[in-house]
Amino acid sequence: MNFAKKVIIVTGASSGIGADAAKHFARLGGKVCLVARNEKLLKSVAEEIQQSGSLERPLVIPADVTKDGERIIGETVNHFGKLDVLINNAGIYQVNSMKNFSISHLDNVFNTNLRSVAILTSLAVPHLEKTKGNIVNVSSIAGLKAFTGNLSYCVSKAALDQFTKCVALDLAPMGIRVNSINPAMIRTPILEKAGMSAVEAAKTFEAGKTMHPIGRIGEPADTSEAIAYLASDSASFITGVLLPVDGGYAAK
């Protein structure tokens, strides 16, 4: 796969799946825009990309995807002159169930996991139509299967999956493809960001090995390969797909 001269926005690029995807696109020759709230971590990822020998310096945009959609798209296009790929990766994970349900909790999760994606997508469409570009949304196995104690998260990802398929149909006549990956357990900081201690997160990841038929949890590199494939010209006849990257979990 070759992304030379391609301009790629990656949201949630300061750690985990987003950071690894940004580095992967850069290795494949892409011009990468890194978006996240944590400027210090974003600059660290950008520095890693530069040190790896990338020919194009990454554009760093410290921003909140729930508020700064116009600025994210505008600064990217002003800097690089175009947009080829939008990776909607930014998301939050929070534990809750109907027993402790609150509408404010649901709104908070949906605001990041769905509403921001819808806004960025709508803003990106005019630019992607010009380049016949594409969108890859980072969803979750939780959009395909229900999990106890993950009510708001599961529902938000299921909504994102339906959004992916509907928008794929809407944009196909414009030459814009829209797909998603649906990872199972991936070794990222997501559990600690949700409030787990490092020890608790490590135990959860260890226990997670038995959940996946392939016998291990996923690594960010597993998702990066899948994201890049769907974003590449190799997948030019693929749109509206929800691709499980889950070690066989969805097949159980």
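This is a predicted model: local features need pLDDT of at least 70, side-chain atom pairs count only at pLDDT 80 or more; totals for chains, interfaces and linings use all residues.

Modeller: Two packed helices are described by the angle between their axes and the distance between the axes. Our pair is helix H1, residues 16–27, and helix H8, residues 220–231. Their axes come within 8 Å and cross at roughly 55°, which makes H1 oblique to H8. The crossing of H1 past H8 is right-handed. On the H1 side, the contact is made by Gly16, Ile17, Asp20, Ala21, His24 and Phe25. H8 contributes Pro220, Ala221, Thr223, Ser224, Glu225, Ile227, Ala228 and Ala231.

Now for the single residues. Asn96 sits in the loop between strand E4 (85–88) and helix H4 (103–131). Its relative accessible area is 2%, so Asn96 counts as buried. Leaving aside residues up to four places away in sequence, Asn96 touches Phe101, His105, Gly149, Asn150, Leu151 and Ser152. With Ser152 there is also a polar contact, side chain to side chain, at 3.0 Å.

Ala251 is found in the segment after strand E7 (242–245). This residue is exposed, because its relative accessibility is 73%. Ala251 is 38 residues from Pro213 in sequence, and their C-alpha atoms are 8.8 Å apart in space.

Conventions:
Residues are numbered from 1 along each chain as its sequence is written. Side-chain values use heavy atoms; hydrogens and water are left out. Axes are lines fitted to C-alpha atoms, for helices over the stretch in contact, and angles run from 0 to 180 degrees between N-to-C directions. Helices (H or I, at least four residues) and strands (E, at least two) are DSSP runs, numbered from the N terminus. Angles under 35 degrees count as roughly parallel, over 145 as roughly antiparallel, 65 to 115 as roughly perpendicular and the rest as oblique. A crossing is left-handed if the near helix is turned anticlockwise from the far one by less than a right angle, and right-handed if clockwise. Contact means heavy atoms within 4.5 Å. Buried means under 20% relative accessible area, exposed over 50%, partly exposed in between (1.4 Å probe, protein chains only). A polar contact is a pair of N or O atoms within 3.5 Å; within protein, one must be able to donate a hydrogen and the other to accept it, and residues adjacent in sequence count only if both atoms are side-chain atoms.
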